[in-house]
Amino acid sequence: MVLGIVLLVFPVAAGAQQEELPEVVQTLLEAADRERDAGRPERAIAGYRDVIRRAPGALDAYRSLGALLHARGDRPAALAVFRDGLDRAPADPALAYNAAVVAFELERFDEALSYVERALAARPRDAETHALKAAVLRRLGRPQQALQALGTAVDLAPDDAQMRFRLGNQLYELGERQRAVDAFRAALERDPGLLRAAYNLGAVLFEEGELEAALAAYRLALEPIDRALERGQKVEPMYAQAYLNLGAIHVQRRDWAAAEEAYGKALRLDPEATQALYNLGYVHYQRGDEAAAEAAYRRALKRDPTLPLACLHLGQITFRRGELAEAARWLEQGLPKLAGDDRRRALRLLAEIRHRRGEIGAAIAAYRSLLQLEPVATADRVALGRLLIEDRQLAAAEAVLEGARRQAPADAGVILGLARLAEERRQPARAQELYEQLERDGGPLPWQLELRLVRTLLQRGELDGASRRLAGGLPAELQGGPAAAWQRVRALLLARAGRPELARQAAGGPG
């Protein structure tokens with residue numbers, strides 16, 4: 001976020017001439033000045049009041065008294081004093097300027113504007129007064145006029161970095177980001193130590209996606225903040241946002257160590273910063289430190305239970321630990337705010353969890369939600385089709401799988417799913433056709449599918465075809481236990497095919 005305009009330090013400026021004071025009053029005024037300069041404001045206030053009572057035309061007394069009341073935090077009293085002074089000297093630019101500042105702080109913006117106009121009538125080429133007018137106009141909802149006033153201020157004080165800085169803020173608020181960038185850079189050219197300009201420059205460049213330039217600006221702006229943190233000094237929490245942006249830049253550059261450092265500093269400045277905890281969890285997750293990611297995410301979710309990516313990653317972490325119920329709870333918590341690929345990942349994982357827990361209806365519901373998204377992967381349609389077959393919803397499975405086939409006619413997963421469906425419907429000819437298509441398109445079948453094809457051949461009474469497929473040796477990819485399983489199935493199928501000699505040979509060892 002770009003920092004707002006900072007008001008000027010309250011000025012106590014000499015301005016219009018005041019009436020010549022009696023010697024005794026001048027002596028009292030000087031005594032009040034000494035009390036003020038000595039740091040005894042209450043005595044000074046009493047002294048200035050006495051001067052005004054004796055000489056109502058003593059303008060310096062109004063200026064000083066109003067300033068002291070303002071410094072004490074009594075803005076209404078300060079404004080009343082400045083008004084009284086203006087009643088005596090309506091054109092005094094210092095009283096008008098100060099009255100405008102206090103009225104602005106009290107959010108009496110129309111009144112503040114009237115005082116600013118008085119000050120400008122007396123000092124039309126004062127850049128600070130034009131800048132104050134811009135601040136008042138901005139609060140009155142007149143941004144273009146505020147921009148015009150700031151432009152005048154910059155023209156009157158072209159080397160004033162503060163004026164360029166304020167101009168940049170106003171341009172940003174009006175959405176003129178490139179001009180705002182130029183104004184902030186111009187401010188830094190005139191005063192490299194104006195770190196607020198560097199801070200705002202980094203923020204705008206970050207929003208514009210100019211990451212390398214934003215990184216350079218932030219490094220300049222945050223250098224003294226880094227030093228203060230190293231020394232353990234107190235730093236304003238507002239700089240936490242700069243470290244958040246800096247961390248985001250490092251994340252996009254995949255510089256995880258630098259991102260972790262930036263988010264850590266944001267948390268030092270604002271330990272309750274949910275976004276910093278959330279982002280830090282993401283960095284830990286990307287670095288493979290799941291324990292640290294889980295700790296950060298859980299802290300963030302205590303402050304905002306709807307953080308979507310935290311819920312997804314916690315679901316994945318707990319799933320890998322085998323905590324299926326906990327994983328499902330996290331995924332369901334994050335789903336309402338997850339979108340795009342993250343939502344697809346969550347729904348796929350949730351479907352798998354539900355399936356593993358025997359909750360096939362809930363698994364099907366998760367895949368149906370997934371199919372409502374665009375684009376939909378063919379593999380997701382196939383997975384849903386298989387679940388529907390398992391749940392004996394064969395017509396629904398056919399609709400889903402045929403839809404997947406229209407999407408990807410040659411996809412092996414689709415064809416296999418349709419073959420399984422044909423088996424469930426006791427349609428061996430259809431199943432044989434599909435298994436043979438898999439073989440034509442993809443080469444030799446894996447041994448599990450080879451056995452399924454043999455079974456369909458036997459169901460169709462094609463004993464010679466089944467025997468030919470089983471007459472060969474042990475598939476090369478089988479070792480150990482799977483080899484024995486193959487031989488047992490092979491022997492059984494050969495027996496059913498009416499080949500007892502081959503069946504006995506198969507049962508006795510590798511064929």
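Biologist: How are H1 and H3 oriented to each other?

Modeller: H1 and H3 are roughly parallel to each other (the class for angles under 35 degrees; over 145 is roughly antiparallel, 65 to 115 roughly perpendicular and the rest oblique). The axes of H1 (residues 23–37) and H3 (residues 59–71) cross at roughly 25° and come within 11 Å. Axes here are lines fitted to C-alpha atoms, for helices over the stretch in contact, with angles from 0 to 180 degrees between N-to-C directions. Helices are DSSP runs of H or I with at least four residues, numbered from the N terminus.

Biologist: Which hand is the crossing of H1 and H3, left or right?

Modeller: The crossing of H1 and H3 is left-handed, meaning that the near helix is turned anticlockwise from the far one by less than a right angle.

Biologist: Which residues make the contact?

Modeller: H1 contributes Leu29, Asp33 and Arg36, and H3 contributes Asp60, Ala61, Ser64 and Leu68. Contact means heavy atoms within 4.5 Å. The residues of this contact of H1 with H3 divide into 3 nonpolar, 1 polar and 3 charged. Nonpolar covers Ala, Val, Leu, Ile, Met, Phe, Trp, Tyr, Cys and Pro, charged covers Asp, Glu, Lys and Arg, and the others, Gly among them, are polar.

Biologist: Before I go on, what are the ground rules here?

Modeller: This is a predicted model, where local features need pLDDT of at least 70 and side-chain atom pairs count only at pLDDT 80 or more, while totals for chains, interfaces and linings use all residues. Residues are numbered from 1 along each chain as its sequence is written, and side-chain values use heavy atoms, with hydrogens and water left out.

Biologist: OK. How do H8 and H9 run relative to each other?

Modeller: H8 and H9 are roughly antiparallel. The axes of H8 (residues 143–156) and H9 (residues 161–173) cross at roughly 160° and come within 9 Å. That crossing is left-handed. From H8 the contact residues include Leu147, Leu150 and Val154, and from H9 they include Met163, Leu167 and Leu171. By class, the contact of H8 with H9 has 9 nonpolar, 2 polar and 2 charged residues.

Biologist: Switching to H19, what should its length be, and what is it?

Modeller: H19 has 17 residues (340–356), so at 1.5 Å a residue it should span 24 Å, and its end C-alpha atoms are 25 Å apart, which agrees. The expected span is 1.5 Å times one less than the number of residues.

Biologist: Which residues of H19 are buried?

Modeller: Arg344, Ala346, Leu347, Leu349, Leu350, Ala351, Ile353 and Arg354 are buried in H19. Buried means under 20% relative accessible area, exposed over 50% and partly exposed in between, with a 1.4 Å probe and protein chains only.

Biologist: What covers them?

Modeller: The cover includes H17 (308–320), H18 (324–334) and H20 (360–371). Gly358, which follows H19, has a positive phi near 80°.

Biologist: Where are Arg254 and Arg392?

Modeller: Arg254 is in the loop between H13 (240–252) and H14 (256–269), and its phi is positive, near 60°. Arg254 counts as exposed at 54% relative accessibility. Arg392 is in the loop between H21 (378–390) and H22 (394–407), with a positive phi near 65°. Arg392 is partly exposed, at 49%.

Biologist: Last one, is Leu453 buried or exposed?

Modeller: Leu453 counts as buried, at 0% relative accessibility. Leu453 is in H25 (residues 447–459). Leaving aside neighbours within four places in sequence, Leu453 is in contact with Gln432, Tyr435, Glu436, Leu445 and Arg469.

How values were computed:
Helix = DSSP H or I, 4+ residues; strand = E, 2+ residues; numbered from the N terminus.
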